[in-house]
Amino acid sequence: MRRIWRVASIPLLAIVLAFIVAAVIIVISSIVTPTGFDLFLPLGAYGSLFAGAFGSGTGIVNTLVAAAPLILGGLAVGLGFKAGLFNIGVAGQFLVGAFAAAVAGANLAGAPTVLALPVAMVAGALGGAAFGFIPGFLKARTGAHEVVTTIMLNNAAVLLLTWAVNDLVRAPGFSFPRTGEIGNSALPVLLGRNLHLGIPLAVLTVFAVRWLLDRTTIGFEIRTVGQNPNAARYSGMRPIFITALTMTLSGMLAGIAGSIQMLGVIGFYAPGITGSVGFDSIAVALLGRSDPIGILFAAILFGAFRAGAPLMQIETSVPIEIIDIIQALVILFLAADLIVKRVFRVRADKPVISELATVARTWAGGSPPGGST
Amino acid sequence: MSDQPPVLEMRGITKRFPTGTLANEAIDLELRKGEIHALLGENGAGKSTLMNILYGLVTPDAGEIRIDGQPVVIRDPADAISRGIGMVHQHFMLIPVLSVAENVVLGQEIVRAGEILDLGEAATRISLLAKKLGFDIDPSSKIEQLSVGQQQRVEILKAIYRNARILVLDEPTAVLTPQETREIFEVLRRLRAEGASIIFISHKLDEVLEIADRITVIRRGKVVGSRTPTDCTENELAELMVGRAVSLRVDRGRSHPGDVMVEVSELRAKNDRGHEALQGVDLSVRAGEIVGIAGVAGNGQEELVEALIGLRRPTAGRIRLAGQDLTRASVETRRDRGIAFVPADRHRFGLVLTYPLDDNLALTRYAEHPFAGGFAGIVRNFRAITENAIRLIKEFDIRAPGPKVPASSLSGGNQQKVVVAREFRHDLKLLVLDQPTRGLDVGSIEFIHKQVIARRDDGVAIVLVSAELDEVLDLADRVLVMFRGRVVGVFPAEEAQREKVGLLMATGGDRS
């Protein structure tokens, strides 16, 4: 219990602090709304937010549906952090995965689900993996920093896929460019209106990644390269290979996130379905301290924000955008954990975002891992 | 003695860590004005804890600290600094990308007209101070461009700049070359002459005898004796420190070299800056033989050992192990064939500081049986990893609360023992040792030297590189002298006299 508190205290207190500061913002902004100054508005708003996210079966389902891609996206970013890599490219890898799943799914729309669904899922996973391999390979081969290449590749993905939907795989009979219906390739709904198979899959992936990192030699290599690339090389590991592998695996997780969102929620690919999964994933990974279990909880929290916000807006007129503010504040307080420590007078052993320190080190002109051989 | 109270008194200092370790037990220490007081003890004896208490980094459970006779409570380092205490840590607390001046004034910046940093004024003041102390340092140069010895002087400057009257140096010579050590001793003597009081932490007997006015010996958290250099010998101090008689000379017996195990021919390699650091090195080591490599640091020894283990790719030449060509083999292959390596820089190569001891003690064998198994051999076996750690901790007397504490929590000497314990495995063909006893106390050095001899007698070929010429001369069956990337002399042990080897190290002989 004490060990859990030691790693989880700062993230939890950062969330509490974010809610407090956001409450002040809600109170201040209430002055200019028709209802007028209302000191208790935050309580009402947070109550509605909670009710919307967890107050009903539908609410819980919505929370989980919104959380599922964030779980996988968070794992993608978190896995990169473990190897000292900052994968900002989850947004692009997510899109490529979603697109690949949509195209494969549409082509197999008439096939039986037991065939169509796995093929579409694998297509999405491979699409993401391929798009993660590119920056991984570039970093391993040339030392090109993944932050730069993945940001560029995010734009490349959007434009490339827009072209592909327009000119290569546009489905006939629609007034706008989009892929065809996925039919039998869709993820089966298990419960309620929308609780699709992708949700248990995402949770299973959490434990798979945890097993990989904690229990296997590959996970040990990934973590060692992240902590001390020189010691990794000295121990007979190949940091170059691990770097490329980790980016590929990270891209694959992002691709699976895209697939389940595509096959479980969206149903077709059309330009402009970008969404915020890519960047929310970074926040989720940071809040979860790159730990798979932590990422699971962080993703559920962020999913709850998305699911509960509409009810909050309807019942209290507090705009949905306030949750973006809360999310941003959470990350702000995580990065500036000194504030949290001062406010709550807690002692935490190590900086929250130790993974980012590794990234910062490579970013500040350090040589790529194992660069000289 | 004068009537003046001592500059610093520590009385009855006791500290028990949450892990149960009694790091300090009723320690008394007295520092007089203008003296160099050596604190002598083994790795993990409690010297650093005591000094961390003095510097406000650790809160003692009991005891009193007096400065100039007045009882004080030191809550944090800022408190310590304001009371005139300066600390030079073993691992420097400098920011590599900032200049000397910026590092020195950090936290006490000189500002003008509000909040504008006046680095020019700072540089002038630092130059003056450096000149007074006899340092040759350009305040505008970046820390990362300085040698280790120069960085240490910046740390001292930093302390003096903050008006430190009591200067604590935690194992200052552990990272220095003999030349740099002599220079830092000059600095300390000058500081003493200026009236500073210095606590000098060390486990090197000869240094303590050379520099200290008084010596306090600590063993396992307790003061076990106080001496002055004039009334004691190295052997007496060693015995006091370790708690038993210690032999300071290696009893290496006769070696029985077998067939040639390692053959290096015409090896060339570049250093990190692209200069040719190895210019055609020939080296052969027989099974059961120790070849010592002597040389002033930076003459290609580092590149040679890195080429042997596979961390540096040779540009030409051959490396053969037991007849097989390994010139282009990966580190992994070489380790599989029976090469092990104790690197000089344990933080850079030898350890992952954030990992627990058990992971570190299996770090270079993580993929081997029994540490990995399961399907496809990728599942780690934590029981084997932990058992291995428990065994090695005991066998190599690593002072640690258990196999799960992070390597970063160990003292430098114990960290070195972790690396040595891991690399001294049983099924070896070639053991490459680069500064194997750096930072270790006499007891541990004796132990490791015995292990080296034992491995030699098992038939392992050993290459030993050391900045301590005595270590090379004591252990090696043959001594090679390296100079500017070449081997300039080979001596059988019985012909390797200190003067002859030393001269060749400095001049390179005829071929230079």
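User: How many helices and strands are in chain B?
Analyst: The model is predicted. In it, chain B has 17 helices and 24 strands.

User: What is the radius of gyration of chain B, and what would a compact globule have?
Analyst: Chain B comes to 24 Å, and a compact globule with 512 residues would be near 24 Å, so the two agree. Along the principal axes, the C-alpha atoms of chain B fill a box of roughly 70 × 50 × 50 Å.

User: How much of chain B counts as buried?
Analyst: The buried share is 46% of the 512 residues of chain B.

User: And of the contacts between residues at least 6 apart in sequence, what share joins residues at least 24 apart?
Analyst: In chain B, that share is 69%.

User: Which residues have the most contacts inside the largest nonpolar core?
Analyst: A:Ile71, B:Leu54 and B:Val168 do, in a core of 265 residues. Leaving aside residues up to four places away in sequence, A:Ile71 touches A:Ala202, A:Val206, A:Ile295, A:Leu296 and A:Ala299.

User: Back to the strands. In what order do the 6 strands of the open sheet in chain B come?
Analyst: The order is β18-β21-β22-β15-β23-β24, with mixed pairing. The edges are taken by β18 (339-342) and β24 (486-492) of chain B; each has a single partner strand, so one side of each lacks a neighbour in the sheet. On average, neighbouring strands of this sheet are turned by 20° against each other, direction ignored.

User: In which sense do β23 and β24 of chain B pair?
Analyst: Strand β23(B), residues 478-483, pairs with β24(B) in the antiparallel sense, over 6 bridges. One of the bridge pairs is B:Val479 with B:Phe491 in β24(B).

User: What does helix α9 of chain B touch when it packs on the sheet?
Analyst: Helix α9(B), residues 301-309, touches β15 (290-294), β18, β21 (430-434), β22 (461-465) and β23 of chain B. The direction of α9(B) makes about 150° with that of β21(B).

User: And which strands does helix α15 of chain B lie across?
Analyst: Helix α15(B), residues 442-457, lies across β15, β21 and β22 of chain B and runs at about 150° to β22(B). Together, β21(B), α15(B) and β22(B) make a right-handed β-α-β unit.

User: Which residues are buried on each side of β22(B)?
Analyst: On one side B:Ala461, B:Val463 and B:Val465 are buried, and on the other B:Ile462 and B:Leu464 are buried. In a regular strand, side chains alternate between the two faces of the sheet. In total, 5 of the 5 residues of β22(B) are buried.

User: Why does B:Leu464 count as buried?
Analyst: Because 24 other C-beta atoms lie within 10 Å, and the cut-off for buried is 20 or more. B:Leu464 touches residues including B:Ile290, B:Gly292, B:Leu433 and B:Val472, not counting those up to four places away in sequence.

User: How far apart are B:Leu464 and B:Gly292?
Analyst: In sequence they are 172 residues apart, and in space 4.7 Å, C-alpha to C-alpha.

User: Is B:Glu471 buried or exposed?
Analyst: B:Glu471 is buried, with 23 other C-beta atoms within 10 Å. The residue lies in helix α16(B), residues 469-475, and touches B:Thr437 and B:Ser466, residues up to four places away in sequence not counted.

User: New topic: backbone. Which peptide bond is cis?
Analyst: The bond from B:His369 to B:Pro370 is cis, with omega near 5°. B:Pro370 is in the loop between α12 (357-361) and β19 (372-373) of chain B.

User: What is phi of B:Asp68, and of B:Ala322?
Analyst: Phi of B:Asp68 is near 50°, a positive value in a residue other than glycine. For B:Ala322, phi is near 50°, again positive in a residue other than glycine. Most residues other than glycine have a negative phi.

User: Where are those two?
Analyst: B:Asp68 is in the loop between β4 (62-67) and β5 (70-72) of chain B. B:Ala322 is in the loop between β16 (316-321) and β17 (324-325) of chain B. B:Asp68 is partly exposed, with 15 other C-beta atoms within 10 Å, and B:Ala322 is partly exposed with 16.

Notes:
Residues numbered from 1 in each chain as written. Chains lettered and ligands numbered in written order. Predicted model: local features only at pLDDT ≥ 70, side-chain atom pairs only at ≥ 80, totals over all residues. Core = buried A, V, L, I, M, F, W, Y, C linked by C-beta atoms within 7 Å. Buried ≥ 20, exposed ≤ 12 C-beta atoms within 10 Å, placed from the backbone. Contact = placed C-beta atoms within 7 Å. Helix = DSSP H or I, 4+ residues; strand = E, 2+ residues; numbered from the N terminus. Rg over C-alpha atoms; globule rule 2.2 N^0.38 Å. Pairing = 2+ DSSP bridges. Axes fitted to C-alpha atoms, helices over the stretch in contact; angles between N-to-C directions. Right-handed = clockwise from strand over helix to strand, strands pointing away.
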